[in-house]
Amino acid sequence: MTVHIQDSPAAAYRRAGEAHDVDALVATLADDVVFRSPLTANAAFHGKEQVRELFSVVFGALSDLRYHKDVGDERTRALTATARLGRQEIHEAALVEVGEDGLIKEITMWIRPLPGLTAMMAALGPGLARATGKPGLPWLVAAAVKPLAAMTRFGDRTLVPLLTPRRHPR
């Protein structure tokens, strides 16, 4: 895939994401890029190599990634997209900050709905844990996040409909 960053780093980032092209995506990033996790304020990925590892795992888990909106100016872009994680549809929003060199210097991501966010955590956590090389960590992460994903899926399918007001015909 050819990346034309000079036209729009956000557009090149979107095209690379939709194509699941890690190399093209990394080409849009500044060396000192920071990716802020949608899962926790305690996790960020710093530099191209950490972000490369992250998106390698992400692209292995997601399908049908499609960007729908791209608004902002030449320095700050807000992107929205949908994707599938197995049967779960997820919606993401990303705030993309572009540096003076024309490369992406910061990405802050949000994901909804909650069952999609926890499914993402369950899908990515063990893969990211494997990348650390720490024995047992992938198992520990999976053991911690899979029940959370199951609980939010159950709550969304079973409890939320009981709590949601019914529409009244007009």
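A residue is called buried under 20% relative accessible area, exposed over 50%, and partly exposed in between, using a 1.4 Å probe and protein chains only. Arg36, at 35% relative accessibility, counts as partly exposed. The model is predicted: local features need pLDDT of at least 70, side-chain atom pairs count only at pLDDT 80 or more, and totals for chains, interfaces and linings use all residues. Residues are numbered from 1 along each chain as its sequence is written, and side-chain values use heavy atoms, with hydrogens and water left out. Helices (H or I, at least four residues) and strands (E, at least two) are DSSP runs, numbered from the N terminus.

**Salt bridges**

- Side chains of opposite charge can pair when their charged atoms come close.
- A salt bridge here is a side-chain nitrogen of Lys or Arg within 4 Å of a carboxyl oxygen of Asp or Glu, and the structure holds 6 of these salt bridges.
- One of them joins the side chains of Asp70 and Arg14, with an N to O distance of 2.1 Å.
- That pair links distant parts of the chain, since Asp70 lies in strand β3 (residues 63–72) and Arg14 in helix α1 (residues 9–19), 56 residues apart.
- Asp70 is partly exposed because its relative accessibility is 22%, and Arg14 is also partly exposed, with a relative accessible area of 22%.
- Asp70 forms a salt bridge with Arg77 too, where the closest N and O atoms are 2.6 Å apart.
- Is Arg77 buried or exposed? Arg77 has a relative accessible area of 16%, so it is buried.
- Glu106 and Arg36 form another salt bridge, their closest N and O atoms being 3.1 Å apart.
- This pair again links distant parts of the chain: Glu106 is in strand β6 (residues 104–112) and Arg36 is in strand β1 (residues 29–36), 70 residues apart.
- Glu106 counts as partly exposed because its relative accessibility is 24%.

- Asp21 is placed in the loop between α1 and α2 (22–27).
- For charge, Lys and Arg count as positive and Asp and Glu as negative, while His and the chain ends are not counted.
- Asp21 is buried yet has no salt bridge, and the nearest side chain of opposite charge, Arg52, is 7.4 Å away.
- What does the side chain of Asp21 reach? The side chain of Asp21 reaches the backbone nitrogen of Ala24 at 2.9 Å.

**Strands and hairpins**

- Two strands pair if DSSP finds at least two bridges between them.
- Strand β3 and strand β4 (residues 76–85) pair in the antiparallel sense over 7 bridges, and Arg66 stands opposite Thr82 in β4.
- β3 and β4 form a hairpin with 3 residues between them.
- β4 also pairs in the antiparallel sense with strand β5 (residues 88–98), over 10 bridges, and Ala78 stands opposite Leu95 in β5.
- The hairpin of β4 and β5 has 2 residues between the strands, and Gly86 in the turn has a positive phi of about 65°.

**Annotated region**

- The UniProt annotation "domain: SnoaL-like", from an unreviewed entry, covers residues 12–106.
- Over residues 12–106 the chain is 31% helix and 47% strand, and the end C-alpha atoms are 15 Å apart.

**Aromatic rings**

- Rings of Phe, Tyr and Trp (its six-membered ring) pair if their centres lie within 6.5 Å; planes under 30 degrees apart count as stacked, over 60 as edge-to-face and the rest as tilted.
- The structure holds 5 aromatic pairs.
- Among them are Tyr13 and Phe55, whose ring centres are 6.3 Å apart and whose planes are at 85°, so the pair is edge-to-face.
- Tyr13 in helix α1 and Phe55 in helix α3 (residues 47–61) are 42 residues apart, and the pair links distant parts of the chain.
- Both Tyr13 and Phe55 are buried.
- The rings of Phe55 and Phe59 have centres 5.5 Å apart and planes at 55°, so this pair is tilted.
- Phe55 and Phe59 are separated by about one helical turn because they are 4 residues apart in helix α3.
- Phe55 is buried with a relative accessible area of 6%, and Phe59 is buried with 9%.
- Tyr13, Phe35, Phe45, Phe55, Phe59 and Tyr67 form one aromatic cluster.

Definitions and conventions
UniProt positions renumbered as here; feature names shortened; annotations may be inferred. Polar contact = N/O pair within 3.5 Å; in protein donor to acceptor, adjacent residues only side chain to side chain.
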